[in-house]
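Subject: Structure handover and notes

Dear colleague,

I am passing on the structure we spoke about, and my notes on it follow directly below. Please read them with the coordinates open beside you.

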Amino acid sequence: MKKLVSGLIPKRFRKDKTIIPVVRLSGAIMAGGSPGRRSLNLASVSAALDKAFSLKASPCVAISLNSPGGSPVQSRLIFSRIRALAEEKNKKVLIFVEDVAASGGYMIALAGDEIFVDPTSIVGSIGVVSGGFGFTGLIEKIGVERRVYTAGENKVMLDPFQPEKGKDIAFLKDLQGEIHQVFIQMVKERRGNKLADDPDLFSGLFWSGIRGAELGLVDGIGEMRATLKARYGDKAEMKLVSTPTNLLGRAKPGVAGIGLSAPEIGAGLASGLAETAEERALWARYGL
């Protein structure tokens, strides 16, 4: 009789199942987004994270992570949200890296109480980078005159249409150094004495999952399904939690901040080309 009654109860309510919510964080980390594509940022993942951590009976939240990095601000915001929810709901966080968790992607990975990788995953790149192009020679050749008027002598700092200035580069390097130190401190606080004493650890280099484990950047090699079942039993069941979307597959307005009006779509298509190129460059840096 007990078995019969149990069969009538939906799976999510059965006590013999251990439900593990899974949140997938994938993509380049950028503040914006455009129609047809979503960037990885706090707005795009907050609803899924809130829902995953709200499952009271779950012993942990598993996060599948695949990101080459991007915005340091959005990376820290996602990291902070995960840690705040973990402490509020008293949940353990297990991070499972797919292809890459580098730069801002690794910053998010630090939110995990434990980080698992594939042997061929790429991790690390603990550094800060900014880049651009210089067009001074080009505009001279095509007969274009650059006209800029400012109030404030530094408003055109690092203008790509003007020659570089030593003081501008020095200012940018100082700014990058400050952000780099924040990143380094996060790694030390979260990884503690697990870290190896290696001079290249915070140099911006990146490594395979195997080498990342040796350096203490991750806790070990492990695939999500096998690791969770080994830890929580064969009856552990993974439940994917995703951000709500509309009929077009886009995040609902108010969830990820993406509107559907004609002007917004037009602007999004224009900016989307630049975002796509930037995202492609981030993945290409790691051979992906």
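A residue is called buried under 20% relative accessible area, exposed over 50%, and partly exposed in between. Isoleucine 179 has a relative accessible area of 32%, so this residue is partly exposed. Please keep in mind throughout that the model is predicted.

As for the chain as a whole, it holds nine helices and eight strands, and 40% of its 288 residues count as buried. Among contacts with a separation of 6 or more, 72% are made by residues 24 or more positions apart.

Isoleucine 179 belongs to helix H6, and, when residues up to four places away in sequence are not counted, it touches Pro72 and Val128. Although isoleucine 179 and proline 72 are 107 residues apart along the chain, their C-alpha atoms are separated by 8.1 Å.

The contact with Pro72 is part of the packing of two helices, H3 (residues 72–89) against H6 (residues 166–191), whose axes are 12 Å apart and form an angle of about 25 degrees. Because angles under 35 degrees count as roughly parallel, H3 is described as roughly parallel to H6. The crossing in which H3 passes H6 is left-handed.

If its neighbours within four places in sequence are left aside, serine 75 is in contact with Ile29, Gly104, Met107 and Ile108.

How many of the eight residues of strand S2 are buried? For S2 (residues 60–67) the count is eight of eight, and the strand is accordingly described as mostly covered. In a regular strand the side chains alternate between the two faces of the sheet. In S2, Cys60, Ala62, Ser64 and Asn66 point one way, whereas Val61, Ile63, Leu65 and Ser67 point the other way, and the residues of both sets are all buried.

S2 pairs in the parallel sense with strand S1 (residues 18–26), over five bridges, and serine 26 is placed opposite asparagine 66 of S2. S2 also pairs in the parallel sense with strand S3 (residues 92–102), over seven bridges, and here isoleucine 63 has isoleucine 95 in S3 as its bridge partner.

Two loop residues with positive phi

Asparagine 90, in the loop between H3 and S3, has a phi near 55 degrees, a positive value in a residue other than glycine. Serine 103, in the loop between S3 and helix H4 (104–109), likewise has a positive phi of about 55 degrees although it is not a glycine. Are these two residues buried or exposed? Asparagine 90 counts as exposed, at 68% relative accessibility, whereas serine 103, with a relative accessible area of 15%, is buried.

With best regards

Conventions:
Residues numbered from 1 in each chain as written. Predicted model: local features only at pLDDT ≥ 70, side-chain atom pairs only at ≥ 80, totals over all residues. Heavy atoms only, no water. Axes fitted to C-alpha atoms, helices over the stretch in contact; angles between N-to-C directions. Helix = DSSP H or I, 4+ residues; strand = E, 2+ residues; numbered from the N terminus. Parallel < 35°, antiparallel > 145°, perpendicular 65-115°, else oblique. Left-handed = near helix turned anticlockwise from the far one by under 90°. Buried < 20%, exposed > 50% of the residue type's maximum accessible area, 1.4 Å probe, protein only. Pairing = 2+ DSSP bridges. Contact = heavy atoms within 4.5 Å.
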